[in-house]
Structures are given as structure tokens and as C-alpha cells.
Amino acid sequence: MNQNVTEHSKAAAQFLKDENRAAWHDETLWFVRAKRDKAAQQLPEWESLREMASAIKAHTLAHLDEYLLIFEAKAKANGVPIHWAADAEEHNRIVYSILEKHKVKNVVKSKSMLTEECGLNHYLENQGVSVVDTDLGEFIVQLRKEQPSHIVLPAIHLKKEDVSNTFHEYLQTEKNNYDPAYLTKSARKVLREKFLTADAAITGVNFALAETGGIVVCTNEGNADLGVHAAQLHIACMGIEKLIPRAEHLGVFLRLLARSATGQPISTYSSHFHRPIKGQEVHIVLVDNGRTQQLGREDFRNSLKCIRCGACFNTCPVYRRSGGHSYHNSVAGPIGSILAPNLDMRKNADLPFASTLCGSCTNVCPVKINIHEQLWTWRQILMKEGYGGFVKKSSMKAMAVVLSNPRIYKFIGKVSRRLMQRLPGLVNNKLNPWYKNREMPQPPKQSFNEWYEKNKK
Amino acid sequence: MKVALFIPCYIDQFYPQVAFATLQLLEKIGCEVHYPMNQTCCGQPMANAGYASLTNGCNKNFIQNFSGFDYIVSPSGSCVVHIKEHLYAEQKGKEAAFIRNNIYELTEFLTDIAKVENLGAHFPHKVGLHISCHGQRMLGLSSMSERVGPDFSKAERLLNEVKELQLVKTARVDECCGFGGTFCVTEEAVSVRMGQDRIREHERNDVEYITGGDVSCLMHLEGILKRKKSEIKVVHIAEILNAQ
């Protein structure tokens, strides 16, 4: 894995340099959050739905081994082979081996954050297989050789002008035509051709039903259906945490998912796939890639309840002002920040600190993941493992000494305030990050403690 | 009612006027207020930076200072949350538990324990309220825009009783200001931008003051306001409730 990633704080500062663009990014995502609020408010039972979804997921995770085996048996009985992948590498190998067997050269793929996590596109392209992402947002970022910056709105970091320029470069559309309808139609024309000529379709999975062995894929564009119905081969890739026990549970999740994601009452397409249509083959790849490890971490187990709605992204004031790419992980935002350290602590040690711990994520989450508490707990673990560095640790140790000894605290407080009054340049300088864009507080002559000692005691 | 006054370290050092106001308010409503002289810090700066392991000294000192009272009251939601969630000690488990269960943020104490209706305050100004996340989401001092349920706000209820005070709300009612403890320096750019965005909303409302229940948020907002030479001032809710 690439260790030379830019820290979140630095990437975020870069993102914020373009003030207008940053404001636009914040407002666009806030608009989605506000739309979500309206949709949630329309359901008086919203909070109990969240409670129920969280409980169903907790139950499923507690019995994941059993439900996975039930799912496997049911799917096999439906004529769908199940493949088990321990990690990203095995997942990619399995997908390629199925494609190779069918001599597939062209693949259309609907949105799947799992395949992003596994780096599937890159892997397949190296094997000479062409993969086209058919979700419009993903299609745009794929042309630009970028990662999605948001799990539901992959190209949300781009404005229509960027899309126009990208399409002009890669699809030869009219230069400077920024009309969204024109741009969408142009993409549609290209994608139709890809759908019709693809030899295989890869999809993600939103929910897998243990009871029936079926999978459900939610899209707004219908691109999963178009791909699957036009191709002879369908490979569905899913993390093992996508399971829910019964079909009747689906209603709880579908109601929460679309409302939380975009404020829609329901996704435009909730497509159910149970068995291959005549002449077709369907395969499901079940991927672990760190999930059982996370399941074993008691403090972080709940993170596996995630249904990838992106509501925590939209609500996060830090995400809105730093952009998805600053998180250097396939899943960005608050949820990404508690999933990523599980995969690679060293690379992702900065992410749990990319938060003010405001707690909005926890309260917006449709499956009630205690995200901000997990961010806090990751901080403790990462520092214990030594990822904070010597300087931070030493200064924290010094701070702890001062703040736990009343006499030292009072003395340092008094001296510091005097110094700040007499030599303001000591703190009002470039070395103090606070001072870069903020004035320091005006130190008073007396602390409250000093005043109390003189006047009240 | 024997009440111990907990004044967080940065209020003690930089905003003693908030501590005076809190002390006077509590005395005004008839509490027997004690201020333990050897109090320092709740330990949150280390804990939120990932070093909760270094807070044993703070915990010990806190328990030493704040045992033996009916209630502990503080003009800071954030520090109260930290104590409620993280004050533990091997030796003094019972004392720590008592403190965790009997520590209150000021507006919470005034509303739920003292059951104050009207403090007779007078503050003839246009005021914007900044809702601090820790008080709101972790102490439940007000409803949250993410959640579905009845609207309420302990701070607003108290401010509505203040004579001639005009309270104006921001469009984003409860967005974080970006202070976030050490976040304010480790993620300086995002922190400042968040603060600037909050301030822009209050500017649009043409307020004279921004108030709130946490001095940390106000200190951050004040730093930005002063840098842009704004006329808007920050004032802690205790100072307003204590104003005559």
C-alpha cells in the first residue's frame, strides 16, 4: 500500500485554498443533508426505525457465521455459486478467474465501494480487461483517473464545468457546453454502447438476504439492471457485513437508506437478484478484507452495521470543508475514518483526528453507529501504538504534569499570562498555528483563582 | 444545597469574568457555593488528543477537589461531558461515580435542578446563540437538527426570559464552530474555515453578541472576530443571565 499519502490536515488546507469552490462544496452537501432532514421528519417513526435497523444489524453481526452459511446454501440452491475471498487480492483474483473462464474482454460495472476498496479496476486493466463504471458520477471520476470522493455522490467534488471539460477531452463533446442535460445525454450515448457490447456485468450489493439467498442492489440510474440484463455473466461483489437475516427486514433498511442518502423516499431502483435468467451465469463473491478483524474489535464492531448511505459525510462539517480525497481511503468521511485504521493503522493514523467530535455523524446515522465515540477510541489506540510521534507525546506528557499539579498549574498560568501581556510576540507569531488566522485571547491580570484567593477565601 | 463550582482551566486563566458571573448566579439562586482552590483541568485536552492514558493525575486531583458536595456545576458543557464520560479512578471508584452522576453544566443545573424560571436579567441587545456540540449532543441540552423529535433548548428557554434581549437564530441551527480541542491547531485550516462560516451567519443576522454555553467555542470565534476587526462580541450565557 502507498505509504506516501498526504495527511488529512494538509490535503484539507489545499482544498480550502479555493475559497469559492470550498463554499460551493459545503453548500451542495449541506443541501443534501437538509433534504435528508425533511425526508426523515416526515416519518414520525424515524427514531424507532433507526433503533430497529441497528438491532437487526447487531443480531446479524453476532450470528454472522451462521447467516453466511445459510446464505451460501440458499444461493447455491438458486443456482448461484458463492466464492469466498479473504482479502482484496483474493477477491480480484477470483473475479478475474471467472471473467477469464468466460473469455470476457469488456465489463460494465455499477457502483460498488467494495471493488474500489479492493482496487479491482486497476487489477483487471492490468490483465487486459476493460472495465467501465456505469454510474454517471463514477464514470466521470473514472475518465479523470480519480477516486470517488463520496460513496453515494462520487463526483461531488466536481462542478459542471469540470465535467464538461472532462467529457470534451475524453468523449469529444462540445467545448464549453455546460448544460447538464447535454452532458448527461452525451454520457448516456457512450454508456448505452458499453452496456450493449459488454460481455459481463459486475455489481455491488446493498443487502444480501440470508433467508432467500438473494441480493438487492439499489441505484437511481438503473445502471445495475441495464448491465446485468444485457450480459451473459453477472458477478456481484459484497463485503460479508452486507447480510440481513430475512426479506421482511429489507423494508426497514430501504426506507432508511434512500432517505438518509439523498432525502428520497426510496431509491429509483431496488433490484432483486435471486437466480440466473436462462443462459446466464450469476456469481457472488463474499469478501472479508479485514471485516472479521473489525468484528473482533469490540469497540469497533458496530462500524460493520454501515449501509453506506453517506449521511455522515453530508452532515460532517469537516468533510464538507475538506473533500473526500483528503481522506486518502476508498471510503472517506467519518465512517471511513473508523474503518480505515482497521485496514492500515500507520497510513490512516491521521483520520480519527480529522474530526471535532461534534457527534452529528452518530445522530444522523440510520443504523446508529456511535461514530464519534469510535473516533475517540481509535485516537487512544493509535497513540498507544506510537503513531503520535515523539514530539506530540512529550508535549502531552508535559501538559499532563502541569494540569494535574495545582501549584505548577497556578505558577505556569501566572507566568504565561504575564509574558503574553509584556511580550505578545512570544505567542503572536508564525510558529503558533492558532495565531495564523485568529487573535489570541487577551490575558487578564488576575485569574479567577487568584481573585478568589484574595477576595473570597 | 452544597454546590462546588468547577471552573475549567482556560476560563480560569483567560475568561475569569465568566467564572464571576457563574459564581454570582449560583449565589443569587440560593446555593451554598464552594470553590475548591486546588482545581485545575478535567483532562480533556490530553484525552481527546489520544492520551487518555495520561489523565490519571487530573482525575486524581479532580476527585480530591470535588468530593463531598451535593452538586458540581460548571459553565462548560464540554468539560462536564469529559468528566461524565471519563472520570475514573482505581482507588476512589465510589467518589468518581458520585461526581460523574452529579456534575452539571450551568444551564442544565439552572433548568433541571434549581428549576429557575426567571433570573431577572436584563440585556438589551441583539444576540445570536451558538449551540456547542458537546453540551447539545452529549448532555442533551437541546434538540438536534439530525434527530426527529420535539424541539427544545435549555439555553434558549433561559435567554427568552431575559428582558429586552432579542435572540436571533442562524439558518444552520447547530453546526459545529470548528474548535474541537487540539483540532483547532492540528487542523488549523478546516477549524478556521468552520469558525468563519459560523460567523458569517451571525453577521447576516446583524447581531451585536454571540453567546453560548462553552467558552472554548466562544474563544475560537472571538479570535476570528478580532482578526477581522468585527464589532460583534462574544459573551458567555452566564454573563447574560447575570446582567442587570
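This is a predicted model: local features need pLDDT of at least 70, side-chain atom pairs count only at pLDDT 80 or more; totals for chains, interfaces and linings use all residues.
The table sets out how accessible each residue is.

| Residue | Relative accessible area | Class |
|---|---|---|
| A:Lys368 | 27% | partly exposed |
| A:Gln172 | 61% | exposed |

Chain A as a whole has 23 helices and 10 strands, and its C-alpha atoms fill a box of roughly 90 × 55 × 45 Å along the principal axes. Of the 457 residues of chain A, 58% count as buried, and among the contacts in chain A with a separation of 6 or more, 73% come from residues 24 or more positions apart.

Helix H19 (residues 371–384) of chain A also takes part in a helix pair with helix H16 (residues 333–343) of chain A, the two axes coming within 9 Å and crossing at roughly 35°. The crossing of H16(A) and H19(A) is left-handed. On the side of H16(A) the contact is made by A:Pro334, A:Ile335, A:Ser337, A:Ile338, A:Pro341 and A:Asn342, and on the side of H19(A) by A:Ile371, A:Gln374, A:Leu375 and A:Trp378. Sorted by class, these are 7 nonpolar and 3 polar residues, with no charged residues.

Helix H3 (residues 46–62) of chain A has 17 residues, which at 1.5 Å a residue should span 24 Å, and the end C-alpha atoms are 24 Å apart, in agreement with that expectation. The buried residues of H3(A) include A:Trp46, A:Leu49, A:Arg50, A:Ala53, A:Ile56, A:Lys57, A:Thr60 and A:Leu61. An α-helix has 3.6 residues a turn, so residues three or four places apart point the same way. The partners against which the buried residues of H3(A) pack include helix H2 (19–41), helix H4 (64–77), strand E8 (243–244), helix H12 (250–262) and helix H18 (360–364) of chain A.

Between the chains, 79 residues of chain A are in contact with 67 residues of chain B. Chain A and chain B bury about 6400 Å² between them, with 60% of that area on carbon and sulfur atoms. Within chain A, the residues that lose the most area to chain B are A:Tyr409, A:Arg438 and A:Phe448, which together account for 12% of what that side buries.

Terms used: Residues are numbered from 1 along each chain as its sequence is written. Chains are lettered from A and ligands numbered from 1 in the order in which they are written. Side-chain values use heavy atoms; hydrogens and water are left out. Axes are lines fitted to C-alpha atoms, for helices over the stretch in contact, and angles run from 0 to 180 degrees between N-to-C directions. Helices (H or I, at least four residues) and strands (E, at least two) are DSSP runs, numbered from the N terminus. A crossing is left-handed if the near helix is turned anticlockwise from the far one by less than a right angle, and right-handed if clockwise. Contact means heavy atoms within 4.5 Å. Ala, Val, Leu, Ile, Met, Phe, Trp, Tyr, Cys and Pro count as nonpolar, Asp, Glu, Lys and Arg as charged, and the others, Gly among them, as polar. The expected span of a helix is 1.5 Å times one less than its number of residues. Buried means under 20% relative accessible area, exposed over 50%, partly exposed in between (1.4 Å probe, protein chains only). Buried area is the accessible area (1.4 Å probe) that two parts lose on being put together, summed over both.
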